[in-house]
Amino acid sequence: MTTPRTLTDLMEQMPGRNRDWSLPQDLGVDRVTVTAAWLASDNPPAMLLLLAAIHPKREVEKCIELATGMSFFEPMRVEAHSMSRRLPGMNVNGRSPFYFIHLFQRLRAALQMTWDTERSRLEPELVAAIRVVIPDPFTLVGPAA
């Protein structure tokens, strides 16, 4: 098996059938390779999927920050607004939105319904917005304000 060159490749090669999104996933590659792929990534859904894989627990503040950072894209603006109306301890019908897997699913679905020309313009902006909030996928601490 060759070493994945991109984050997209790495996430596609992650064992997929038995993913348990409540436990950190074994990516099958070392941290340095993952970090390098993160820094070179041009695929925002793959970035969110990576975050979901290594940080499966509830991340209220970071999910709100990510949705807010990507709110220039209308579906993410709606998601950020929805999150802001829900208190973290509030009971909700269905699944809590404060998980990276939830943001991944929302963003992936929204991008699939976006025209190719618009998607090619949005993806670099979404990638940049994700990196502003989370510069290192293994450390959820963003830059100091």
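## Buried residues of helix α4

In this predicted model, the buried positions of α4 are Val 60, Lys 62, Cys 63, Leu 66 and Ala 67. A charged residue, Lys 62, is thus listed among the buried positions of the helix.

## Packing of α4 against α5

Helix α4 spans residues 60–69 and helix α5 spans residues 74–85. The two pack at an angle of about 145°, and their axes lie 8 Å apart. Their crossing is left-handed. On the α4 side, the contact is made by Cys 63, Ile 64, Ala 67 and Thr 68; α5 contributes Met 76, Ala 80 and Met 83. Sorted by class, this contact comprises 6 nonpolar residues and 1 polar residue, with no charged residues.

Cys 63 and Ala 67 belong to the buried set of α4 and also take part in the contact with α5.

## Overall architecture

The protein contains 7 helices and 0 strands, and the pattern along the sequence reads α-α-α-α-α-α-α. Among contacts with a separation of 6 or more, 72% are between residues 24 or more positions apart.

## Burial and surface

The protein has 145 residues, of which 41% count as buried.

Definitions and conventions. Residues numbered from 1 in each chain as written. Predicted model: local features only at pLDDT ≥ 70, side-chain atom pairs only at ≥ 80, totals over all residues. Heavy atoms only, no water. Helix = DSSP H or I, 4+ residues; strand = E, 2+ residues; numbered from the N terminus. Buried < 20%, exposed > 50% of the residue type's maximum accessible area, 1.4 Å probe, protein only. Contact = heavy atoms within 4.5 Å. Axes fitted to C-alpha atoms, helices over the stretch in contact; angles between N-to-C directions. Left-handed = near helix turned anticlockwise from the far one by under 90°.
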